[in-house]
Amino acid sequence: PIQYALLFPERRKNSICPLDLVKIGQLTFEAPDLDTFPCLKLAREAGKIGGTMPVVLNAANEVAVKAFLEEKISFLAIYELISEAMSCHVSKPVFEIDEILAADEWARNLTEQLINTRSSRN
């Protein structure tokens with residue numbers, strides 16, 4: 001489905017072999033380490049809260065990761081920025097696409113402001 005969405009309307013043959021669980025033989029699962037991966041904890045929290053909160057998490061994450069890749073912030077600041085954006089947001093139920101777009105724009109603007117504030121302090 002991802003390949004189809006990326007190449008639409010063109011359709012190409014998939015070169016990836018199907019997953020063969022018999023060939024793999026065994027899978028091992030462990031509980032996620034939320035201390036090592038704190039953004040996963042934020043994602044779970046956003047999902048539980050629902051409404052516009054997952055939109056805010058996603059938008060803040062995209063802005064923070066971009067800033068990291070541009071070497072404007074540290075890797076650990078990604079978590080801090082997402083967390084701060086989420087804590088500043090009051091989630092609302094979503095009924096219209098405009099509410100999603102507004103929450104996305106709000107979170108992107110806030111995260112940019114937070115990054116700029118950090119940059120001006122350094």
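A: Glu71 counts as exposed because its relative accessibility is 73%, where exposed means over 50% relative accessible area, buried under 20% and partly exposed in between, with a 1.4 Å probe and protein chains only. This is a predicted model, in which local features need pLDDT of at least 70 and side-chain atom pairs count only at pLDDT 80 or more, while totals for chains, interfaces and linings use all residues. Residues are numbered from 1 along each chain as its sequence is written, and side-chain values use heavy atoms, with hydrogens and water left out.

Glu71 lies in the loop between H4 and H5, the helices being DSSP runs (H or I, at least four residues) numbered from the N terminus. Most residues other than glycine have a negative phi, yet Glu71, although not a glycine, has a positive phi of about 60 degrees.

Contact means heavy atoms within 4.5 Å, and among the residues that make it here are Val56, Leu57 and Phe68 of H4, together with Leu81, Ile82 and Met86 of H5. The residues of this contact divide into 13 nonpolar, 1 polar and no charged, where Ala, Val, Leu, Ile, Met, Phe, Trp, Tyr, Cys and Pro count as nonpolar, Asp, Glu, Lys and Arg as charged, and the others, Gly among them, as polar.

The largest nonpolar core has 23 residues, and those with the most contacts inside it include Val56, Leu57, Leu81, Ile82 and Met86; such a core is a set of buried Ala, Val, Leu, Ile, Met, Phe, Trp, Tyr and Cys residues joined through side-chain atoms within 4.5 Å. Two or more residues each come from helix H3 (38-49), helix H4 (53-69), helix H5 (75-88) and helix H6 (97-121), and H4 gives the most, with 9 residues.

If neighbours within four places in sequence are left aside, Val56 is in contact with Ala85, Met86, His89, Ala103, Trp106 and Ala107.
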